[in-house]
Amino acid sequence: MSEPRVALVTGANKGIGFEIAKLLGARHGMKVLIGARDAVRGKEAAAALGGFATAVVLDVTDEESVAALAALERLDVLVNNAGVLLERGAPPSGTPVDLLRQTFETNVYGVVAVTNAALPALRRSDAGRIVNMGSGLGSLAFTTEPEHMYAQHPLLAYNASKSALNAVTVSFANELRGTAIKVNAADPGYCATDMNGHAGPRTPVQGATAAVRLATLPADGPTGGFFDEDGPVPW
């Protein structure tokens, strides 16, 4: 009997990350590492999910925490889900540069750091998958349409970080093209989570759908794209 595939989901102790972990374990039979900054919350989430889940203390902005990923002997799926939205109502011209730095530290630099640290283990997989949790707010196609719902939310730091994440996704996909590793970005849609005060019309379970589909792509599946649950989304 073959060993179960192993997945690491960052920021998985709640919200969309928790639901991604649940689906990968309960529906797809994977062993799931629950990445969480807080050890207690990580253990509580793992306990709630059951025997397929194990908590891992992981702060994507902390070098020592990320470096510990080098000890992973096996990894088949990496879902870079951890993210922050720090601005509240300020226009782009009123957004402090320091807030931009803090946002990029988690949403962009943290993704690159975790991906680089996890790559040696992913390269040992016969079907490695990297899924970056994007957002329609990072789509230049959507946010430049004045009537589009996403154009109504000019969140400079958050939107710019998700646009940058799209470029990060393409860069890794191009580097790893021709290997067994596929790299894509998932758009969960506007989901009700702690990040937005539970204002979104979609549930975290619905938001997890695209990421789980990309995490379980067959060998002939796409790489280097941006997808929601219905298919490709414009960058």
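What covers the buried residues of α7? The cover includes α1 (15-26) along with the strands β4 (77-80), β5 (129-133), β6 (182-186) and β7 (226-228). Keep in mind that this is a predicted model.

**Helix α7**
- Helix α7 covers residues 204-215, and its 12 residues should span 16 Å at 1.5 Å a residue; the end C-alpha atoms sit 17 Å apart, which agrees.
- Its buried residues are G207, A208, A210, A211, V212, L214 and A215.

**How α1 meets α7**
- The axes of α1 and α7 come within 8 Å and cross at roughly 55°, so the two helices are oblique to each other.
- Their crossing is right-handed.
- On the α1 side, the contact is made by G15, I16, E19, I20, L23 and L24, while α7 brings in P204, V205, G207, A208, A211, V212 and A215.
- Sorted by class, that contact has 10 nonpolar, two polar and one charged residues.

**How α4 meets α6**
- Helix α4 (residues 97-123) and helix α6 (residues 156-176) have axes that come within 9 Å and cross at roughly 20°.
- Angles under 35 degrees count as roughly parallel, so α4 is roughly parallel to α6.
- α4 passes α6 in a right-handed crossing.
- Among the contact residues are L99, L100, F104, V108 and V111 of α4, plus L156, A160, A164, L165 and F172 of α6.
- By class, the contact of α4 with α6 has 16 nonpolar, five polar and three charged residues.

How values were computed:
Residues are numbered from 1 along each chain as its sequence is written. This is a predicted model: local features need pLDDT of at least 70, side-chain atom pairs count only at pLDDT 80 or more; totals for chains, interfaces and linings use all residues. Side-chain values use heavy atoms; hydrogens and water are left out. Axes are lines fitted to C-alpha atoms, for helices over the stretch in contact, and angles run from 0 to 180 degrees between N-to-C directions. Helices (H or I, at least four residues) and strands (E, at least two) are DSSP runs, numbered from the N terminus. Angles under 35 degrees count as roughly parallel, over 145 as roughly antiparallel, 65 to 115 as roughly perpendicular and the rest as oblique. A crossing is left-handed if the near helix is turned anticlockwise from the far one by less than a right angle, and right-handed if clockwise. Contact means heavy atoms within 4.5 Å. Ala, Val, Leu, Ile, Met, Phe, Trp, Tyr, Cys and Pro count as nonpolar, Asp, Glu, Lys and Arg as charged, and the others, Gly among them, as polar. The expected span of a helix is 1.5 Å times one less than its number of residues. Buried means under 20% relative accessible area, exposed over 50%, partly exposed in between (1.4 Å probe, protein chains only).
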